[in-house]
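Have the model open while you go through it.

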Amino acid sequence: MDLLQNLYTGFSLALSPTNLLFAAIGVIYGTITGALPGIGSATAVALLLPLTFTMNPTTALIMLAGIYYGVAYGGTITAVLINVPGDSSTVMTTLDGYQMALQGRAGPALSIAAIGSFIAGTISTILLMGLAPPLARFALRFGPPEYFALVLLAFSLLTAFEGRQPVKIVISTLLGLLIATIGLDVVSGLPRFTFGVPQLLGGISFITVIIGLFGIGEVLSSVEQEMRLDFLRQRFRLRDVFPTWADWVASRWPILRSTIVGFLVGILPGAGATTASFLAYLSEKRLAKHPERFGRGAIEGVASPESANNAASIGAFAPLLALGIPGSATTAVLLAGFMIWGIRPGPMLFQRNADLVWALIASMYIGNLMLVLLNIFFIPGFVAVLRIPYTILMPLIVVFSTMGAFTVNNDLFDVWLMIGFGVLGYLMKKLEYPVAPMVLALVLGPMAENSLRQALIISGGSLSIFFTRPISAVLLGIAFLAYLYPALRWVVRGFRLRVATAANLSSARR
(Lines give C-alpha, C1' and ligand atoms only; values in the text may rest on other atoms or scores of the structure.)
Protein backbone atom coordinates (compact mmCIF):
# COMPACT_ATOMS: atom_id res chain seq x y z
CA MET A 1 0.00 0.00 0.00
CA ASP A 2 2.88 2.39 0.69
CA LEU A 3 4.02 2.02 -2.91
CA LEU A 4 0.57 2.90 -4.29
CA GLN A 5 0.22 5.79 -1.85
CA ASN A 6 3.61 7.18 -2.88
CA LEU A 7 2.73 6.81 -6.55
CA TYR A 8 -0.59 8.58 -5.98
CA THR A 9 1.27 11.44 -4.32
CA GLY A 10 3.72 11.55 -7.24
CA PHE A 11 0.94 11.76 -9.84
CA SER A 12 -0.87 14.46 -7.89
CA LEU A 13 2.29 16.58 -8.14
CA ALA A 14 3.31 15.60 -11.68
CA LEU A 15 -0.17 16.37 -13.07
CA SER A 16 -0.15 19.96 -11.84
CA PRO A 17 -0.39 22.45 -14.75
CA THR A 18 3.13 23.80 -14.22
CA ASN A 19 4.77 20.37 -14.09
CA LEU A 20 2.77 19.15 -17.10
CA LEU A 21 3.86 22.20 -19.09
CA PHE A 22 7.54 21.70 -18.31
CA ALA A 23 7.29 17.95 -18.93
CA ALA A 24 5.95 18.78 -22.41
CA ILE A 25 8.73 21.34 -22.94
CA GLY A 26 11.31 18.75 -21.91
CA VAL A 27 10.12 15.94 -24.18
CA ILE A 28 9.65 18.24 -27.20
CA TYR A 29 13.07 19.83 -26.73
CA GLY A 30 14.59 16.37 -26.21
CA THR A 31 12.99 15.06 -29.41
CA ILE A 32 14.26 18.02 -31.44
CA THR A 33 17.81 17.89 -30.07
CA GLY A 34 17.87 14.10 -30.44
CA ALA A 35 17.14 14.53 -34.14
CA LEU A 36 20.14 16.87 -34.54
CA PRO A 37 23.33 14.79 -34.93
CA GLY A 38 26.15 15.69 -32.59
CA ILE A 39 24.30 17.05 -29.56
CA GLY A 40 23.35 14.01 -27.46
CA SER A 41 21.38 13.76 -24.24
CA ALA A 42 24.17 14.90 -21.89
CA THR A 43 24.75 18.10 -23.89
CA ALA A 44 21.01 18.71 -24.29
CA VAL A 45 20.47 18.51 -20.52
CA ALA A 46 23.60 20.55 -19.74
CA LEU A 47 22.46 23.38 -22.05
CA LEU A 48 19.23 23.93 -20.08
CA LEU A 49 20.59 23.14 -16.62
CA PRO A 50 21.62 26.77 -15.86
CA LEU A 51 18.07 27.93 -16.64
CA THR A 52 16.62 25.71 -13.91
CA PHE A 53 18.54 27.12 -10.94
CA THR A 54 15.73 29.49 -10.00
CA MET A 55 12.99 26.91 -10.64
CA ASN A 56 11.32 24.55 -8.22
CA PRO A 57 13.61 21.45 -8.06
CA THR A 58 10.71 19.06 -8.76
CA THR A 59 9.63 20.98 -11.87
CA ALA A 60 13.21 21.31 -13.06
CA LEU A 61 13.93 17.59 -12.65
CA ILE A 62 10.74 16.63 -14.46
CA MET A 63 11.77 18.78 -17.42
CA LEU A 64 15.39 17.58 -17.47
CA ALA A 65 14.33 13.94 -17.21
CA GLY A 66 11.95 14.50 -20.13
CA ILE A 67 14.85 15.83 -22.17
CA TYR A 68 16.92 12.75 -21.30
CA TYR A 69 14.57 10.07 -22.55
CA GLY A 70 13.15 12.38 -25.25
CA VAL A 71 16.55 12.42 -26.96
CA ALA A 72 16.36 8.64 -27.41
CA TYR A 73 13.06 9.06 -29.28
CA GLY A 74 14.33 11.93 -31.42
CA GLY A 75 17.57 10.22 -32.39
CA THR A 76 15.53 7.59 -34.19
CA ILE A 77 14.19 10.10 -36.71
CA THR A 78 17.48 10.82 -38.48
CA ALA A 79 18.69 7.25 -37.93
CA VAL A 80 15.74 5.93 -39.95
CA LEU A 81 15.30 8.71 -42.51
CA ILE A 82 18.87 9.64 -43.47
CA ASN A 83 21.01 6.93 -41.84
CA VAL A 84 22.64 9.40 -39.43
CA PRO A 85 22.23 8.51 -35.73
CA GLY A 86 20.95 11.55 -33.87
CA ASP A 87 22.33 10.06 -30.65
CA SER A 88 24.93 7.35 -30.03
CA SER A 89 22.23 5.09 -28.58
CA THR A 90 20.50 4.94 -31.98
CA VAL A 91 23.52 3.64 -33.92
CA MET A 92 22.08 0.12 -34.18
CA THR A 93 18.73 1.48 -35.36
CA THR A 94 20.34 2.69 -38.58
CA LEU A 95 21.16 -0.86 -39.66
CA ASP A 96 17.54 -1.90 -40.26
CA GLY A 97 15.63 1.37 -39.89
CA TYR A 98 17.23 3.01 -42.91
CA GLN A 99 16.75 -0.12 -44.99
CA MET A 100 13.05 -0.10 -44.07
CA ALA A 101 12.85 3.54 -45.17
CA LEU A 102 14.39 2.66 -48.54
CA GLN A 103 11.75 -0.08 -48.88
CA GLY A 104 8.94 2.42 -48.32
CA ARG A 105 8.36 1.46 -44.68
CA ALA A 106 9.76 4.47 -42.85
CA GLY A 107 6.37 4.97 -41.15
CA PRO A 108 6.20 1.50 -39.56
CA ALA A 109 9.89 1.77 -38.59
CA LEU A 110 9.35 5.05 -36.74
CA SER A 111 6.07 3.95 -35.17
CA ILE A 112 7.40 0.60 -33.89
CA ALA A 113 10.39 2.51 -32.46
CA ALA A 114 8.01 4.89 -30.66
CA ILE A 115 5.72 2.10 -29.45
CA GLY A 116 8.66 -0.05 -28.35
CA SER A 117 10.20 2.90 -26.51
CA PHE A 118 6.87 3.63 -24.80
CA ILE A 119 6.42 0.02 -23.66
CA ALA A 120 10.04 -0.19 -22.54
CA GLY A 121 9.84 3.13 -20.73
CA THR A 122 6.64 2.14 -18.91
CA ILE A 123 7.92 -1.29 -17.86
CA SER A 124 11.28 0.18 -16.83
CA THR A 125 9.56 2.80 -14.70
CA ILE A 126 7.64 0.04 -12.91
CA LEU A 127 10.92 -1.84 -12.36
CA LEU A 128 12.54 1.38 -11.13
CA MET A 129 9.81 1.78 -8.52
CA GLY A 130 10.22 -1.67 -7.02
CA LEU A 131 13.77 -2.75 -7.79
CA ALA A 132 15.89 0.39 -7.64
CA PRO A 133 17.42 -0.13 -4.16
CA PRO A 134 18.39 -3.85 -4.48
CA LEU A 135 19.55 -3.46 -8.08
CA ALA A 136 21.67 -0.46 -7.21
CA ARG A 137 23.28 -2.40 -4.36
CA PHE A 138 24.18 -5.16 -6.83
CA ALA A 139 25.72 -2.59 -9.16
CA LEU A 140 28.02 -1.52 -6.32
CA ARG A 141 29.70 -4.93 -6.52
CA PHE A 142 31.13 -4.00 -9.90
CA GLY A 143 34.71 -2.87 -9.56
CA PRO A 144 37.42 -2.49 -12.24
CA PRO A 145 37.80 -6.27 -12.84
CA GLU A 146 34.05 -6.70 -13.33
CA TYR A 147 33.81 -3.78 -15.75
CA PHE A 148 36.71 -5.07 -17.83
CA ALA A 149 35.11 -8.52 -17.93
CA LEU A 150 31.77 -6.98 -18.93
CA VAL A 151 33.38 -5.10 -21.83
CA LEU A 152 35.26 -8.22 -22.95
CA LEU A 153 31.95 -10.11 -22.87
CA ALA A 154 30.35 -7.46 -25.08
CA PHE A 155 33.18 -7.82 -27.61
CA SER A 156 32.94 -11.60 -27.54
CA LEU A 157 29.20 -11.50 -28.18
CA LEU A 158 29.93 -9.58 -31.36
CA THR A 159 32.14 -12.42 -32.55
CA ALA A 160 29.60 -15.07 -31.57
CA PHE A 161 26.45 -13.39 -32.84
CA GLU A 162 27.28 -10.86 -35.52
CA GLY A 163 28.16 -12.85 -38.62
CA ARG A 164 29.88 -15.53 -40.59
CA GLN A 165 33.26 -13.77 -40.79
CA PRO A 166 34.64 -13.63 -37.24
CA VAL A 167 38.11 -12.58 -38.41
CA LYS A 168 36.73 -9.39 -39.97
CA ILE A 169 34.75 -8.73 -36.82
CA VAL A 170 37.88 -9.03 -34.66
CA ILE A 171 39.82 -6.75 -37.02
CA SER A 172 37.05 -4.14 -36.93
CA THR A 173 36.94 -4.34 -33.11
CA LEU A 174 40.73 -3.93 -32.83
CA LEU A 175 40.60 -0.93 -35.17
CA GLY A 176 38.01 0.70 -32.91
CA LEU A 177 40.13 0.01 -29.83
CA LEU A 178 43.16 1.52 -31.55
CA ILE A 179 41.25 4.70 -32.38
CA ALA A 180 39.95 4.84 -28.78
CA THR A 181 43.52 4.98 -27.43
CA ILE A 182 44.32 8.21 -29.29
CA GLY A 183 44.89 11.10 -26.87
CA LEU A 184 46.41 11.55 -23.44
CA ASP A 185 47.15 8.49 -21.34
CA VAL A 186 44.92 8.75 -18.26
CA VAL A 187 47.60 7.25 -16.00
CA SER A 188 50.88 8.75 -17.22
CA GLY A 189 49.47 11.84 -18.91
CA LEU A 190 51.62 11.23 -21.99
CA PRO A 191 50.20 11.72 -25.51
CA ARG A 192 49.55 8.60 -27.58
CA PHE A 193 49.22 8.42 -31.38
CA THR A 194 48.73 12.19 -31.64
CA PHE A 195 51.64 12.73 -34.08
CA GLY A 196 52.17 16.23 -32.76
CA VAL A 197 48.60 17.34 -33.58
CA PRO A 198 47.26 19.29 -30.55
CA GLN A 199 43.61 18.66 -31.50
CA LEU A 200 44.16 14.93 -30.95
CA LEU A 201 45.30 15.36 -27.33
CA GLY A 202 41.69 15.09 -26.16
CA GLY A 203 41.05 12.02 -28.29
CA ILE A 204 38.65 11.60 -31.20
CA SER A 205 35.02 12.37 -30.46
CA PHE A 206 32.66 9.44 -30.80
CA ILE A 207 30.08 11.72 -32.40
CA THR A 208 32.54 12.73 -35.12
CA VAL A 209 33.27 9.09 -35.88
CA ILE A 210 29.67 7.89 -36.15
CA ILE A 211 28.59 10.89 -38.23
CA GLY A 212 31.41 10.16 -40.65
CA LEU A 213 30.90 6.40 -40.76
CA PHE A 214 27.14 6.47 -41.16
CA GLY A 215 26.33 9.84 -42.71
CA ILE A 216 29.20 10.61 -45.09
CA GLY A 217 29.90 6.91 -45.65
CA GLU A 218 26.32 6.37 -46.81
CA VAL A 219 26.47 9.37 -49.14
CA LEU A 220 29.69 8.11 -50.75
CA SER A 221 28.20 4.64 -51.11
CA SER A 222 24.99 6.00 -52.63
CA VAL A 223 26.77 8.14 -55.22
CA GLU A 224 27.80 5.09 -57.23
CA GLN A 225 24.35 3.51 -57.32
CA GLU A 226 21.07 4.77 -58.72
CA MET A 227 18.53 5.48 -56.01
CA ARG A 228 14.96 4.74 -57.11
CA LEU A 229 12.52 5.81 -54.44
CA ASP A 230 9.32 5.49 -56.45
CA PHE A 231 7.29 4.63 -53.34
CA LEU A 232 7.66 8.23 -52.17
CA ARG A 233 5.42 9.45 -54.97
CA GLN A 234 2.48 7.80 -53.28
CA ARG A 235 0.34 9.79 -50.90
CA PHE A 236 1.32 9.13 -47.32
CA ARG A 237 -1.53 9.02 -44.81
CA LEU A 238 -1.59 8.77 -41.05
CA ARG A 239 -2.94 5.22 -41.14
CA ASP A 240 0.14 4.20 -43.14
CA VAL A 241 2.42 4.88 -40.19
CA PHE A 242 1.12 2.06 -38.02
CA PRO A 243 2.83 -1.34 -38.17
CA THR A 244 0.89 -4.28 -39.55
CA TRP A 245 -0.28 -7.16 -37.39
CA ALA A 246 2.65 -9.22 -38.72
CA ASP A 247 5.06 -6.42 -37.69
CA TRP A 248 3.60 -6.39 -34.20
CA VAL A 249 3.80 -10.19 -33.85
CA ALA A 250 7.46 -10.11 -34.95
CA SER A 251 8.30 -7.26 -32.56
CA ARG A 252 6.40 -8.04 -29.36
CA TRP A 253 8.93 -10.44 -27.80
CA PRO A 254 12.01 -8.49 -28.94
CA ILE A 255 10.50 -5.41 -27.27
CA LEU A 256 9.97 -7.24 -23.96
CA ARG A 257 13.34 -9.00 -23.98
CA SER A 258 15.21 -5.85 -24.96
CA THR A 259 13.44 -3.92 -22.20
CA ILE A 260 14.89 -6.26 -19.58
CA VAL A 261 18.35 -6.16 -21.20
CA GLY A 262 18.26 -2.37 -21.43
CA PHE A 263 17.13 -1.83 -17.85
CA LEU A 264 19.73 -4.19 -16.40
CA VAL A 265 22.53 -2.61 -18.44
CA GLY A 266 21.26 0.87 -17.61
CA ILE A 267 21.67 0.41 -13.86
CA LEU A 268 25.38 -0.40 -14.31
CA PRO A 269 27.32 2.87 -13.96
CA GLY A 270 29.17 3.67 -17.17
CA ALA A 271 27.50 1.06 -19.37
CA GLY A 272 24.84 3.35 -20.83
CA ALA A 273 22.09 3.18 -23.43
CA THR A 274 24.52 2.67 -26.33
CA THR A 275 25.86 -0.56 -24.85
CA ALA A 276 22.32 -1.69 -24.07
CA SER A 277 21.18 -1.17 -27.68
CA PHE A 278 24.18 -3.11 -29.01
CA LEU A 279 23.61 -6.06 -26.69
CA ALA A 280 19.86 -6.12 -27.33
CA TYR A 281 20.31 -6.06 -31.10
CA LEU A 282 22.92 -8.81 -31.08
CA SER A 283 20.82 -10.95 -28.75
CA GLU A 284 17.75 -10.66 -30.97
CA LYS A 285 19.79 -11.45 -34.06
CA ARG A 286 21.06 -14.58 -32.35
CA LEU A 287 17.57 -15.65 -31.28
CA ALA A 288 15.94 -14.95 -34.65
CA LYS A 289 14.86 -17.85 -36.86
CA HIS A 290 16.18 -15.95 -39.88
CA PRO A 291 19.15 -13.84 -38.66
CA GLU A 292 20.13 -13.07 -42.26
CA ARG A 293 17.18 -10.60 -42.35
CA PHE A 294 18.91 -8.34 -39.86
CA GLY A 295 20.63 -5.44 -41.57
CA ARG A 296 18.23 -5.72 -44.52
CA GLY A 297 15.12 -4.13 -43.03
CA ALA A 298 13.99 -6.46 -40.24
CA ILE A 299 11.51 -4.63 -38.03
CA GLU A 300 12.86 -6.53 -34.99
CA GLY A 301 16.18 -4.77 -35.70
CA VAL A 302 14.44 -1.46 -35.02
CA ALA A 303 12.24 -2.54 -32.12
CA SER A 304 14.98 -4.17 -30.04
CA PRO A 305 17.63 -1.37 -29.87
CA GLU A 306 14.98 1.33 -29.48
CA SER A 307 13.34 -0.51 -26.59
CA ALA A 308 16.71 -1.18 -24.98
CA ASN A 309 18.04 2.38 -25.15
CA ASN A 310 14.88 3.82 -23.63
CA ALA A 311 14.84 1.19 -20.88
CA ALA A 312 18.50 1.94 -20.16
CA SER A 313 17.73 5.66 -19.87
CA ILE A 314 15.16 4.90 -17.17
CA GLY A 315 17.38 2.27 -15.54
CA ALA A 316 20.19 4.79 -15.14
CA PHE A 317 18.04 6.61 -12.57
CA ALA A 318 18.19 3.61 -10.20
CA PRO A 319 21.79 4.07 -8.98
CA LEU A 320 21.40 7.86 -9.17
CA LEU A 321 18.36 8.04 -6.87
CA ALA A 322 19.16 5.12 -4.56
CA LEU A 323 22.92 5.58 -4.14
CA GLY A 324 23.86 8.92 -5.65
CA ILE A 325 25.96 7.20 -8.33
CA PRO A 326 25.26 8.34 -11.91
CA GLY A 327 24.62 5.47 -14.30
CA SER A 328 25.42 7.53 -17.41
CA ALA A 329 26.93 10.82 -18.54
CA THR A 330 23.50 12.44 -18.56
CA THR A 331 22.62 11.36 -15.03
CA ALA A 332 26.02 12.75 -14.00
CA VAL A 333 24.81 16.15 -15.25
CA LEU A 334 21.55 15.62 -13.33
CA LEU A 335 23.59 14.78 -10.22
CA ALA A 336 25.27 18.19 -10.52
CA GLY A 337 21.80 19.74 -10.59
CA PHE A 338 20.82 17.88 -7.41
CA MET A 339 23.92 19.26 -5.69
CA ILE A 340 23.22 22.81 -6.81
CA TRP A 341 19.68 22.56 -5.41
CA GLY A 342 21.11 21.32 -2.10
CA ILE A 343 19.71 17.80 -2.50
CA ARG A 344 21.91 14.76 -1.95
CA PRO A 345 20.77 11.64 -3.87
CA GLY A 346 21.18 8.38 -1.95
CA PRO A 347 19.35 6.01 0.38
CA MET A 348 17.97 8.91 2.47
CA LEU A 349 16.52 10.67 -0.59
CA PHE A 350 13.41 8.47 -0.49
CA GLN A 351 12.77 9.63 3.09
CA ARG A 352 13.84 13.27 3.05
CA ASN A 353 12.59 14.18 -0.44
CA ALA A 354 9.97 11.52 -1.08
CA ASP A 355 7.62 13.93 -2.87
CA LEU A 356 10.34 14.93 -5.34
CA VAL A 357 11.33 11.30 -6.09
CA TRP A 358 7.81 10.04 -6.65
CA ALA A 359 6.80 13.08 -8.70
CA LEU A 360 9.82 12.39 -10.90
CA ILE A 361 8.89 8.71 -11.27
CA ALA A 362 5.24 9.57 -12.03
CA SER A 363 6.36 12.11 -14.64
CA MET A 364 8.15 9.31 -16.51
CA TYR A 365 4.80 7.64 -17.22
CA ILE A 366 3.39 10.97 -18.42
CA GLY A 367 6.48 11.88 -20.47
CA ASN A 368 6.54 8.53 -22.25
CA LEU A 369 2.85 8.90 -23.13
CA MET A 370 3.51 12.39 -24.53
CA LEU A 371 6.43 11.09 -26.57
CA VAL A 372 4.64 8.14 -28.14
CA LEU A 373 1.77 10.40 -29.24
CA LEU A 374 4.16 13.05 -30.54
CA ASN A 375 6.33 10.61 -32.44
CA ILE A 376 3.46 8.69 -34.03
CA PHE A 377 1.16 11.53 -35.12
CA PHE A 378 4.02 13.58 -36.57
CA ILE A 379 5.48 10.68 -38.55
CA PRO A 380 3.89 11.85 -41.86
CA GLY A 381 5.86 15.07 -41.47
CA PHE A 382 9.06 13.19 -40.73
CA VAL A 383 8.60 10.84 -43.69
CA ALA A 384 7.91 13.78 -46.01
CA VAL A 385 11.64 14.45 -45.79
CA LEU A 386 12.20 11.38 -47.96
CA ARG A 387 10.15 12.90 -50.77
CA ILE A 388 13.02 15.28 -51.37
CA PRO A 389 14.94 14.08 -54.46
CA TYR A 390 18.04 12.19 -53.43
CA THR A 391 20.22 14.62 -55.39
CA ILE A 392 19.04 17.28 -52.95
CA LEU A 393 18.85 15.02 -49.89
CA MET A 394 22.50 13.93 -50.16
CA PRO A 395 23.87 17.49 -49.89
CA LEU A 396 21.50 18.09 -46.96
CA ILE A 397 22.90 15.01 -45.23
CA VAL A 398 26.40 16.38 -45.78
CA VAL A 399 25.36 19.79 -44.40
CA PHE A 400 23.73 18.34 -41.26
CA SER A 401 26.66 15.98 -40.75
CA THR A 402 29.12 18.85 -41.06
CA MET A 403 27.13 20.94 -38.58
CA GLY A 404 27.01 18.03 -36.15
CA ALA A 405 30.75 17.38 -36.38
CA PHE A 406 31.63 21.07 -36.05
CA THR A 407 29.48 21.59 -32.94
CA VAL A 408 31.40 18.90 -31.03
CA ASN A 409 34.36 21.23 -30.36
CA ASN A 410 33.60 24.19 -32.65
CA ASP A 411 36.67 23.22 -34.67
CA LEU A 412 37.02 22.55 -38.40
CA PHE A 413 39.51 19.81 -37.54
CA ASP A 414 36.57 17.64 -36.48
CA VAL A 415 34.97 18.20 -39.89
CA TRP A 416 38.09 16.88 -41.62
CA LEU A 417 38.11 13.91 -39.25
CA MET A 418 34.47 13.27 -40.12
CA ILE A 419 35.31 13.21 -43.83
CA GLY A 420 38.18 10.80 -43.15
CA PHE A 421 35.92 8.44 -41.24
CA GLY A 422 33.33 8.77 -44.00
CA VAL A 423 35.88 7.44 -46.48
CA LEU A 424 36.75 4.69 -44.01
CA GLY A 425 33.08 3.76 -43.65
CA TYR A 426 32.72 3.61 -47.42
CA LEU A 427 35.77 1.34 -47.77
CA MET A 428 34.58 -0.93 -44.97
CA LYS A 429 31.22 -1.30 -46.68
CA LYS A 430 32.88 -2.10 -49.99
CA LEU A 431 35.19 -4.66 -48.40
CA GLU A 432 32.32 -6.09 -46.27
CA TYR A 433 33.88 -5.26 -42.91
CA PRO A 434 31.17 -4.72 -40.27
CA VAL A 435 31.07 -1.21 -38.81
CA ALA A 436 29.18 -2.08 -35.61
CA PRO A 437 32.15 -3.80 -33.85
CA MET A 438 34.36 -0.77 -34.43
CA VAL A 439 31.70 1.59 -33.08
CA LEU A 440 31.17 -0.57 -29.98
CA ALA A 441 34.94 -0.68 -29.40
CA LEU A 442 35.07 3.12 -29.61
CA VAL A 443 32.34 3.41 -26.98
CA LEU A 444 33.69 0.80 -24.57
CA GLY A 445 37.42 1.08 -25.32
CA PRO A 446 38.22 3.79 -22.74
CA MET A 447 36.23 1.92 -20.07
CA ALA A 448 38.03 -1.33 -20.91
CA GLU A 449 41.47 0.25 -20.76
CA ASN A 450 40.85 2.20 -17.55
CA SER A 451 39.28 -0.81 -15.82
CA LEU A 452 42.13 -3.11 -16.87
CA ARG A 453 44.81 -0.75 -15.62
CA GLN A 454 43.00 0.03 -12.38
CA ALA A 455 42.52 -3.68 -11.71
CA LEU A 456 46.21 -4.40 -12.34
CA ILE A 457 47.24 -1.51 -10.09
CA ILE A 458 45.01 -2.87 -7.31
CA SER A 459 46.45 -6.39 -7.68
CA GLY A 460 50.05 -5.28 -8.08
CA GLY A 461 50.14 -6.50 -11.68
CA SER A 462 48.63 -9.93 -11.02
CA LEU A 463 45.98 -11.23 -13.44
CA SER A 464 44.54 -13.42 -10.71
CA ILE A 465 42.23 -10.60 -9.64
CA PHE A 466 40.06 -11.33 -12.67
CA PHE A 467 39.57 -14.99 -11.72
CA THR A 468 39.34 -14.82 -7.94
CA ARG A 469 36.33 -12.47 -7.97
CA PRO A 470 33.13 -14.43 -8.76
CA ILE A 471 31.36 -11.93 -11.03
CA SER A 472 34.39 -11.18 -13.20
CA ALA A 473 35.28 -14.89 -13.37
CA VAL A 474 31.79 -15.81 -14.62
CA LEU A 475 31.76 -12.99 -17.18
CA LEU A 476 35.23 -13.91 -18.46
CA GLY A 477 34.21 -17.57 -18.69
CA ILE A 478 31.20 -16.68 -20.83
CA ALA A 479 33.36 -14.39 -22.98
CA PHE A 480 35.91 -17.17 -23.53
CA LEU A 481 33.18 -19.57 -24.64
CA ALA A 482 31.71 -16.91 -26.94
CA TYR A 483 35.09 -16.41 -28.62
CA LEU A 484 35.37 -20.17 -29.08
CA TYR A 485 31.88 -20.43 -30.52
CA PRO A 486 32.82 -19.63 -34.18
CA ALA A 487 35.62 -22.22 -34.07
CA LEU A 488 33.34 -24.82 -32.53
CA ARG A 489 30.68 -24.03 -35.12
CA TRP A 490 33.28 -24.49 -37.88
CA VAL A 491 34.39 -27.83 -36.42
CA VAL A 492 30.79 -29.08 -36.10
CA ARG A 493 29.96 -27.96 -39.64
CA GLY A 494 33.05 -29.76 -40.96
CA PHE A 495 32.18 -32.89 -39.03
CA ARG A 496 28.62 -32.89 -40.37
CA LEU A 497 29.93 -32.35 -43.90
CA ARG A 498 32.29 -35.31 -43.60
CA VAL A 499 29.51 -37.51 -42.22
CA ALA A 500 27.19 -36.46 -45.06
CA THR A 501 29.91 -37.08 -47.65
CA ALA A 502 30.66 -40.52 -46.21
CA ALA A 503 26.95 -41.38 -46.24
CA ASN A 504 26.62 -40.30 -49.87
CA LEU A 505 29.67 -42.36 -50.88
CA SER A 506 28.32 -45.37 -49.04
CA SER A 507 24.94 -45.11 -50.74
CA ALA A 508 26.62 -44.64 -54.13
CA ARG A 509 28.63 -47.85 -53.71
CA ARG A 510 25.47 -49.77 -52.99
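In this predicted model, helix α4 meets helix α16 through a run of residues that includes Pro 57, Leu 61, Ala 65, Tyr 69, Tyr 73 and Ile 77 on the α4 side. Facing them from α16 are residues such as Leu 356, Leu 360, Met 364, Gly 367, Leu 371 and Asn 375. By class, that contact has 13 nonpolar, six polar and no charged residues.

**α4 against α16**
- α4 covers residues 57–81 and α16 covers residues 354–377; their axes come within 9 Å and cross at roughly 35°.
- The crossing of this pair is right-handed.

**α4 against α12**
- α12 (residues 300–315) packs on α4 at an angle of about 165°, and the axes are 9 Å apart.
- The two helices, α4 and α12, are therefore roughly antiparallel.
- Their crossing is right-handed.
- On α4, the residues involved are Tyr 68, Tyr 69, Ala 72, Tyr 73 and Thr 76, and they meet Glu 306, Asn 309, Asn 310, Ser 313 and Ile 314 of α12.
- Sorted by class, the contact of α4 with α12 has five nonpolar, four polar and one charged residues.

**α20 and its kink**
- α20 runs over residues 436–459, 24 residues in all, and spans 33 Å from first C-alpha to last, close to the expected 34 Å.
- Where does α20 kink? Look at Leu 444, where there is a kink of about 50°, shortly before the proline Pro 446.
- Just after α20 comes Gly 460, with a positive phi of about 70°.

Conventions:
Residues numbered from 1 in each chain as written. Predicted model: local features only at pLDDT ≥ 70, side-chain atom pairs only at ≥ 80, totals over all residues. Heavy atoms only, no water. Axes fitted to C-alpha atoms, helices over the stretch in contact; angles between N-to-C directions. Helix = DSSP H or I, 4+ residues; strand = E, 2+ residues; numbered from the N terminus. Left-handed = near helix turned anticlockwise from the far one by under 90°. Contact = heavy atoms within 4.5 Å. Nonpolar A, V, L, I, M, F, W, Y, C, P; charged D, E, K, R; others polar. Parallel < 35°, antiparallel > 145°, perpendicular 65-115°, else oblique. Expected span 1.5 Å × (residues − 1). Bend = angle between axes of the 7 residues up to and from the residue.
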